[in-house]
Amino acid sequence: MGKIKLTAAVIACRFTRWVLRVIGKGGTSLPGEVAARLYPNVLADLAKDVNTIVVTGTNGKTTSSRMIEQTLIESGRTYFCNKSGANMLGGIAAEFCQNSTITGKKKYDWALIECDEAAFKTVSKYLNAKCVLVTNVFRDQLDRYGEVTHTLSSIISGIKNSKNAVVCLNADCSLTVSIADEIHNRIIYYGVDKPIYERTVEEISDAPYCIKCKSQYVYSYRTFGHLGGFKCMGCGYQRPVPQVSVSDIFETSESCSVVSLKIGEAQYKVKINLPGGYNIYNAAATACVGYALGFDAETDVKALETFECGFGRMEMLPINNARLRMILVKNPAGCNQVLNFLCNNKERSLFIVALNDNYADGTDVSWIWDVDFEKLLTVDDKLSEIWVTGIRADEMAMRFKYAGIRTDKIKVKKDYSALIDDIADYDGAVYMMPTYTAMLAIRKRIADRFGFKEFWK
Ligand SMILES: [Zn+2]
């Protein structure tokens, strides 16, 4: 009986998806919801024999997932993943329906699932994950998820539902490490052993006080945000020694980082083919997942070197003489990381912020006041101009004015077509920091005009 219901659910899911495609309404969670309505156990049955890797945490989920995907490709493993940002229960169920046979047998050995922290709690009941990666925990979109402790408890519940999973945790994040006390899984830690940049943006820490005893942490070094070598003098809670770590950083440039990566007992010099300190973390996380799953470390290192950046992750879009890179942001921590990158960038560049306040961006944009834009004054000579666009361009311009940026340097350009014209006339490096819906809109216009591939194709 279960088999028939499973087949019916898979067919219904695919049919619904097909119909939605035909009428031009792809990308919803409806197909998965239809399947689950017909047969509530559909996801559990389909996921049963698939080796599932779950990637969760506040920042870096997408890039880490794409890097892990590259390790699966390099090692010749068969896999599927939830690429198009469908990371709630319905979307994930639909991916499994799409990537199994009609009778619910697996077509691929591995599933790589990027999962919203809040959804992980529920999704994990069905997945029997083999590996769970928690990238970090930062304050994110307060209007949607509430406090960080709420995020943490969601992740802990998710891992508790994943009894067979090996868990990869960011050793430098005091919030993430605290998960270890609540779970019984095998844990592998990863981290960065020293500061990434010479100059760092001073940030409001999301976690200044010990999560266990409320004493203030002392740090032997910081990488960014509250990440680094934390220790509580009150109760002794401290950064664990990671099994996978970046032990040295030789070079951070506009296009890549060269680091020394320790994986277990072995040491590798790795060129991470993506710039930015946060991508050093994503690379370490990827190596950690490979180590936890017993993958060949040399293959994983090769994957990091061949990895190509894409949509919203320092993706390079050359427009005439402008070398435009887009860096998606959604919270103060992510934003400060971009500023760190800019403050250490040796080349003169144009900086653009595209701020929207649609639901997918987070409707409350007050977080821009928590970001240390004042730091840009230290590299004033390196920034030709600062342009602002998006629905909340005026507020963004105001933020830059308060930061002390010269007003003649700040340009409000609300019209996307005119904005793109002006970028096309620019000669040199352009860094655009858009929120999610601003990125979709601007990228689509650029794609239409200059013929870049849309990311979902
Ligand atoms: Zn303490």
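## The area between the two domains

In this predicted model, about 2700 Å² is buried between domain 1 and domain 2, and carbon and sulfur atoms give 46% of that area. The size of an interface is often given in this way, as the accessible area lost when the parts come together. According to the domain assignment, domain 1 covers residues 2-306 and domain 2 covers residues 313-450, and the contact takes 28 residues from domain 1 and 33 residues from domain 2. The C-alpha centres of domain 1 and domain 2 lie 27 Å apart.

## What the interface holds

On the side of domain 1 that touches domain 2, the elements giving two or more residues are helix H4 (61-74) and helix H7 (142-145), and H4 gives the most, with four residues. Sorted by class, this side of domain 1 has eight nonpolar, nine polar and 11 charged residues.

## Aromatic pairs

The count of aromatic pairs comes to 13. One of them joins Trp369 and Tyr402 in an edge-to-face arrangement, with 5.5 Å centre to centre and 75° between the planes. This pair links distant parts of the chain, since Trp369 lies in the loop between strand E14 (349-354) and strand E15 (383-389), while Tyr402 belongs to helix H13 (residues 393-402), and the two residues are 33 residues apart.

Notes
Residues numbered from 1 in each chain as written. Predicted model: local features only at pLDDT ≥ 70, side-chain atom pairs only at ≥ 80, totals over all residues. Heavy atoms only, no water. Domains from an automatic or database assignment. Contact = heavy atoms within 4.5 Å. Buried area = accessible area lost by both parts, 1.4 Å probe. Nonpolar A, V, L, I, M, F, W, Y, C, P; charged D, E, K, R; others polar. Phe/Tyr/Trp six-rings, centres within 6.5 Å; stacked < 30°, edge-to-face > 60°.
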